[in-house]
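Biologist: I would like to go through this structure feature by feature. Please give the general idea each time, then the case at hand.

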Amino acid sequence: MQVNILDYGAAGDGKTLNTAAIQRAIDDCSAGGGGVVAVPAGRYVTGTIWLKSGVELHLEHNATIKASENLADYNETAAYPQNYDCPPEKWCGT
């Protein structure tokens, strides 16, 4: 199976938050038995995404996944306690 994140509403403009679109593409690909999630050329801003077994995230030529600068776009610390406090990095996952 192959899905394209553009079919899920992603925008490669470097400004739009694409977390939900990318995650839906990953989830659908996984539910279909696995395969490739294609990321076409563009700049895709995202927060936390969860890759799944059997799913390959394929960035095409000139495709970039950019981490959101807003910490609110990432998973909450309660969801994954191992991320709660990381003293060596002086950062908390909240």
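The dialogue below takes up the core, the helix, the sheet, the salt bridges and one backbone angle.

Biologist: Before we start, what kind of model is this?

Modeller: It is a predicted model.

Biologist: Which residues touch the most other members of the largest nonpolar core?

Modeller: A nonpolar core is a set of buried nonpolar residues joined through side-chain atoms. In this structure the largest one has 14 residues, and Val3, Ile5, Ala25 and Val37 touch the most other members. The most comes from α1, with five residues.

Biologist: What does Ile5 touch, not counting residues up to four places away in sequence?

Modeller: Its list is Ala10, Ile22, Ala25, Val37, Ala38, Val39, Pro40 and Tyr44.

Biologist: Where is Val55 found, and is Val55 buried or exposed?

Modeller: Val55 is found in strand β5 (residues 55-59). Buried means under 20% relative accessible area. Val55 has 12%, so it is buried. Leaving aside neighbours within four places in sequence, its contacts are Ile26, Cys29, Ser30, Gly34, Gly35 and Val37. With Val37 the C-alpha to C-alpha distance is 7.0 Å, at a separation of 18 residues in sequence.

Biologist: How many residues does α1 have, and what does it reach from its first C-alpha to its last?

Modeller: The span of a helix can be set against the one expected at 1.5 Å a residue. Here α1 has 13 residues and reaches 18 Å, close to the expected 18 Å. After α1 comes Gly33, with a positive phi near 100°.

Biologist: In what order do the three strands of the open sheet stand?

Modeller: The order is β2-β4-β6, and the pairing is parallel. The edges are β2 (13-17) and β6 (63-67); each has a single partner strand, so one side of each is left without a neighbour in the sheet. On average, neighbouring strands of this sheet are turned by 25° against each other, direction ignored.

Biologist: How many bridges join β2 to β4, and what stands opposite Leu17?

Modeller: Two bridges join β2 to strand β4 (residues 42-46). Opposite Leu17 stands Val45 in β4.

Biologist: Where does Asn18 lie, and why does Asn18 count as buried?

Modeller: Asn18 lies in the loop between β2 and α1. It counts as buried because its relative accessibility is 1%. Setting aside residues up to four places away in sequence, Asn18 touches Gly9, Ala10, Ala11, Tyr44, Val45 and Thr46.

Biologist: How many salt bridges does the structure hold?

Modeller: A salt bridge is read from the distance between a side-chain nitrogen of Lys or Arg and a carboxyl oxygen of Asp or Glu, within 4 Å. The structure holds two. In one, Lys52 pairs with Asp27, and the closest N and O atoms are 2.9 Å apart. This pair links distant parts of the chain: Lys52 is in the loop between β4 and β5, Asp27 is in helix α1, and they are 25 residues apart. Lys52 is partly exposed at 34%, and Asp27 is partly exposed at 28%.

Biologist: Which residue forms a salt bridge with Lys66?

Modeller: Glu69 does, with the closest N and O atoms 3.3 Å apart. Lys66 is partly exposed, with a relative accessible area of 21%, whereas Glu69 counts as exposed at 73%.

Biologist: Which phi does Asn62 have, and where is its place?

Modeller: Asn62 has a positive phi of about 70° although it is not a glycine. Its place is in the loop between β5 and β6. With a relative accessible area of 55%, Asn62 is exposed.

Definitions and conventions:
Residues are numbered from 1 along each chain as its sequence is written. This is a predicted model: local features need pLDDT of at least 70, side-chain atom pairs count only at pLDDT 80 or more; totals for chains, interfaces and linings use all residues. Side-chain values use heavy atoms; hydrogens and water are left out. A nonpolar core is a set of buried Ala, Val, Leu, Ile, Met, Phe, Trp, Tyr and Cys residues joined through side-chain atoms within 4.5 Å. Buried means under 20% relative accessible area, exposed over 50%, partly exposed in between (1.4 Å probe, protein chains only). Helices (H or I, at least four residues) and strands (E, at least two) are DSSP runs, numbered from the N terminus. Contact means heavy atoms within 4.5 Å. Two strands pair if DSSP finds at least two bridges between them. Axes are lines fitted to C-alpha atoms, for helices over the stretch in contact, and angles run from 0 to 180 degrees between N-to-C directions. The expected span of a helix is 1.5 Å times one less than its number of residues.
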